[in-house]
Amino acid sequence: MKKTAMLKTIAAALIIVLSLQVFVFAEEQPQLLISPPAEQPAAWAVEAVQWSSIYGLASDEMFAKYSSKVTQEELHKVCVNLYEKLTGKTATPEEEKIFTDNSKLTTQKEATRLEMVTSVYNVLKAAQPEFDFSADVNLTFKDIGSLSEETLNIVKYSVAKGILHGRNKEILDLESQCTRQELLVFVKNAYEFAIYESGRYSKGAFWKVSDENNTVYLLGSIHIADATLYPLSKEILNAYEKSDVLVVEADISKQEEAANYMAQRAMYADENTLEKNVPEELYKKFVEFVTPYGIQEEVYSKLKPWYAALLVQNLQLMDNSYSGSLGVDMYFLSKAMGQKDILEIEGIKFQVDMFDSFSNELQCQFLASALGTGEGNENTEASVELVAYMLKCWKEGNTEELARIVKADVEAEGEFKEFNEKMWSSRDNNMVQKVREYLADPENKTYFVVVGAGHMVGSTGIVTQLEDEYKVEQIK
């Protein structure tokens, strides 16, 4: 394999495989988090409000004072935003008139729950005209008798599709004023419904492995992502709900432990420096890259090359709204905390030690791949472009293309042979053995395994190694 092609493979592998990168330079990066507002959503609304924020379904000022009443103007703005998220285009003034009555926008009149339901329904009809908007269901709520036939059909559709829920089993309370948290929950429900109905959800790299007694679900993860990766397919979510145990490479929710160990191993403790361990031109390019971020020379000069590589890649991705907090493994770790048993196959220390064990030559190749420096100073694919393409493949369930990008099944030499053996072969084999153990569980527990997608594919991948022993089914 040509060196530049191998560098592309390394760059892809560092993105898709290692949960480790979530914590790169955690202590030195500028503080990006903001304090939460004094008022939080009600417990029933917390998760949906969070996802409304992640999806970008409302302006920032809507994510505060959650129990306050929504004005007609605020409802209109949210409807316009929902339309633009679903269509990918800017709403025209004529299209905006479809959502809400513009004559009300000059006042701060409060919107009712019925106006919320009707306006969002109009958005769905405008954004997704191909949907079947009929809903032949029998509603048993006691407070819908006065609704017109047209309005009743809107309500029926919203309830039937899981967008609208009642105050309880008996009343919808549509005439009451709508609160911000109600609107944020409702618009999140509508957005996800439209994504599922139009088939735009993420299919992922997902398999079911089973024998006569046990089942293990295998989900190949991308450890850093953005909101476009969600929602995940209902097949993936239902499998998670049916599982007893979540298994990950490393429990990256243990942030303090990870950051402390990273700090111990990622920097030179003696008189050694990064400049002494990488080619002169590569060091100059690294300094040129990190300087605008305000990182001091006394800090970056002590970084080991592998750490410097992950730092470059992480900063590039952060600048383009990609985040480890939206990675697939973190998504499920957040869901599982306090709800399911969580097991680690490797752990953060294992992954840090692996990087630290790579030869200096290979660490330099990591840094070259992150900076886009190949043979003859040619540029490789930028990390940002690479992530966007891999996320696209993952959403489509295109595991063949993911394998081509990340895991080249060719004979490698020198430092690249070391890379393949340590990054892939030995880890793949270890993960396969763990899955075999889960399938032999005498308690017949169901395991939901989330590891880097690269470990699932290729000739040494988990799926290939298990196919001759068990029933393996890819689920899309």
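What is the volume of the second largest pocket? The second largest pocket has a volume of about 430 Å³, and the legends below return to this site. This is a predicted model, in which local features need pLDDT of at least 70, side-chain atom pairs count only at pLDDT 80 or more, and totals for chains, interfaces and linings use all residues. Residues are numbered from 1 along each chain as its sequence is written, and side-chain values use heavy atoms, with hydrogens and water left out.

**Figure 1. Confidence along the chain.** The protein chain has an average pLDDT (the predictor's confidence in each residue, from 0 to 100) of 88, and 88% of the residues score at least 70. Residues 22–37 stay under 50, and the model has 32 contacts (heavy atoms within 4.5 Å) for them beyond four places in sequence. Residues 374–381 also stay under 50, with 16 contacts beyond four places in sequence.

**Figure 2. The second largest pocket.** A pocket is an open set of points on a 1 Å grid over the protein atoms alone, where a 1.4 Å probe fits, with protein on both sides within 12 Å along at least five of seven lines; lining residues have an atom within 4 Å of a point. Grid points are joined across faces, edges and corners, and the volume is the space filled by probe spheres set on the points. The lining comprises 22 residues, of which K188, E192, Y196, P231 and L237 lie nearest the centre. Helix 2 (46–55), helix 7 (180–197), helix 8 (234–242) and helix 13 (328–336) each give two or more residues; helices (H or I, at least four residues) and strands (E, at least two) are DSSP runs, numbered from the N terminus. Helix 7 gives the most, with six residues. P231 is placed in the loop between strand 2 (215–221) and helix 8, and the peptide bond from Y230 to P231 is cis, with omega near 5°.

Figure 3. Because K77 and E73 are four residues apart in helix 3 (residues 72–87), about one helical turn separates them. E280 and K284 form another salt bridge (3.3 Å, N to O) and are likewise four residues apart, in helix 10 (residues 280–290). E280 is exposed at 57% relative accessibility, whereas K284 is partly exposed at 44%; buried means under 20% relative accessible area, exposed over 50%, and partly exposed in between (1.4 Å probe, protein chains only).

**Figure 4. A salt bridge between separate elements.** The side chains of R436 and E469 meet at 2.7 Å, N to O. R436 lies in helix 18 (residues 414–439) and E469 in the loop between helix 19 (462–466) and strand 6 (471–474), so the pair ties together parts that are 33 residues apart in sequence.

**Figure 5. D173 in its loop.** D173 belongs to a network of salt bridges with R113, R167 and E182. This residue lies in the loop between helix 6 (149–160) and helix 7. Phi of D173 is near 55°, a positive value in a residue other than glycine.

Figure 6. S321, in the loop between helix 12 and helix 13, is exposed at 58% relative accessibility. Phi of S321 is near 70°, a positive value in a residue other than glycine.

Methods:
A salt bridge is a side-chain nitrogen of Lys or Arg within 4 Å of a carboxyl oxygen of Asp or Glu.
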